[in-house]
Every structure is written in C-alpha cells, then in structure tokens.
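Hi,

Here is the structure I said I'd pass on. Have a look at it first, then read my notes below.

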Amino acid sequence: MTAWLFSVQGQLQLVGAVLVVLGVFHLVLPRLIDWPAQVARMAPLPRQVAGAHFFFVGVVCVLLGALPLFLAPELLAGGRVARALLAAETLFWSLRWLFQFAYFSPALWRGDPPRTIAHAGFCLLWTWVAGVFGLAWYTASC
C-alpha cells in the first residue's frame with residue numbers, strides 16, 4: 001500500500017480522487033461562502049452567468065479528476081493523447097496555482113484565521129496537483 005501511495009500512479013489516482021471530491025463539494029460550497037445572498041443582488045444576466053460558471057467549474061473538476069482516477073495506467077503509458085491530456089492538466093492546474101497568488105487579493109484572507117488557513121491549504125493543494133500532473137507528464141514522455 002505504501003509503495004503504491006508514493007508511486008506516480010498512486011499520486012495521480014489520489015489527485016484524481018481529490019479533484020472529484022472537490023467538484024462534488026461545489027454542490028454545497030455556495031452556501032458555505034454565503035454566495036446565494038450576494039448573487040441575488042446581481043442583475044439577472046450576470047447572476048445566471050455566475051451560476052452557470054460555478055456549476056461548470058464543479059463539473060470540470062469532476063471530469064479532470066475522473067481521468068487520472070480511473071485511467072492513470074493508460075495516461076502514464078504515454079502516447080500522444082495521454083501526453084496531451086497530462087500536458088493540458090499540468091497547464092490548467094499550474095494556472096490555478098498562479099491565480100492563488102496573482103488573482104486573489106491578500107485582503108480577502110489576511111487577519112482572518114479560517115480564511116488564512118484556507119488560503120494556505122489551497123496553496124499546498126494546487127502545488128501538489130500541478131506537481132503530480134507535471135511529474136506524470138514527464139513520466140509519460142520518457
């Protein structure tokens with residue numbers, strides 16, 4: 001079990017499972033961050049666009065997590081499609097990592113212990129996710 005956990009395949013499958021859980025978590029996340037009350041004050045078009053985007057972010061997390069969760073051996077075996085998928089996931093999650101620092105204002109979390117912990121946790125999460133996909137891409141390319 002320990003050998004699997006620390007293997008590239010094990011990490012890839014674990015990242016996939018975490019991303020699927022994160023995507024499903026989007027079903028309850030709006031209520032946790034009091035989003036419905038804030039979105040209700042928006043005009044109808046931005047409100048509906050925001051809702052659609054939030055829904056599809058959850059779906060994308062589930063789909064991008066399902067690939068490595070269920071197809072890790074095939075992805076690591078290489079081939080053009082596998083390498084392209086791993087490269088795309090590496091780029092996508094690396095951009096998400098970058099947004100954690102470049103887009104979200106520190107004013108949102110500084111001085112608020114729960115939000116500071118969440119920020120630090122997401123910094124670690126996106127580092128791990130992007131790193132695992134990058135390592136898997138490298139492994140599939142060798």
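**What I found**

α5 and α7 cross in a left-handed way (left-handed if the near helix is turned anticlockwise from the far one by less than a right angle, right-handed if clockwise). This is a predicted model, where local features need pLDDT of at least 70, side-chain atom pairs count only at pLDDT 80 or more, and totals for chains, interfaces and linings use all residues. Residues are numbered from 1 along each chain as its sequence is written, and side-chain values use heavy atoms, with hydrogens and water left out.

**Overall**

The protein chain has seven helices and zero strands, and its elements run α-α-α-α-α-α-α from the N terminus on. Helices here are DSSP runs of H or I with at least four residues, strands are runs of E with at least two, and numbering starts from the N terminus. Along its principal axes, the C-alpha trace spans about 50 × 35 × 30 Å.

**Helix packing**

Two packed helices are described by the angle between their axes and the distance between the axes. The axes are lines fitted to C-alpha atoms, for helices over the stretch in contact, and angles run from 0 to 180 degrees between N-to-C directions. Angles under 35 degrees count as roughly parallel, over 145 as roughly antiparallel, 65 to 115 as roughly perpendicular and the rest as oblique.

- α5 and α7 have axes 11 Å apart, at an angle of about 25°, which means α5 is roughly parallel to α7.
- α6 and α7 have axes that come within 8 Å and cross at roughly 160°, so α6 is roughly antiparallel to α7. The crossing is left-handed, and the contact of α6 with α7 holds 14 nonpolar, seven polar and three charged residues. (Ala, Val, Leu, Ile, Met, Phe, Trp, Tyr, Cys and Pro count as nonpolar, Asp, Glu, Lys and Arg as charged, and the others, Gly among them, as polar.)
- α2 and α7 have axes that come within 10 Å and cross at roughly 135°, so α2 is oblique to α7. The crossing of α2 and α7 is left-handed.

**Pockets**

A pocket is an open set of points on a 1 Å grid over the protein atoms alone, where a 1.4 Å probe fits, with protein on both sides within 12 Å along at least five of seven lines; lining residues have an atom within 4 Å of a point.

The largest pocket has a volume of about 1500 Å³, a volume being the space filled by probe spheres set on the points. It is lined by 30 residues, and L29, I33, F54, R96 and F104 lie nearest its centre. By class, that lining has 23 nonpolar, five polar and two charged residues. Which helix gives the most to the lining of the largest pocket? α5 does, with seven residues.

The second largest pocket comes to about 160 Å³. Among the residues lining it are H26, P30, F54 and F55. α5 again gives the most, with six residues, and the lining has seven nonpolar, four polar and no charged residues.

**Annotation**

The unreviewed UniProt entry places the feature "transmembrane region" at residues 12-33, 53-72 and 116-138; such annotations may be inferred rather than shown by experiment. In the model, residues 53-72 are 100% helix, with end C-alpha atoms 28 Å apart. Residues 116-138 are also 100% helix, with end C-alpha atoms 33 Å apart.

Cheers
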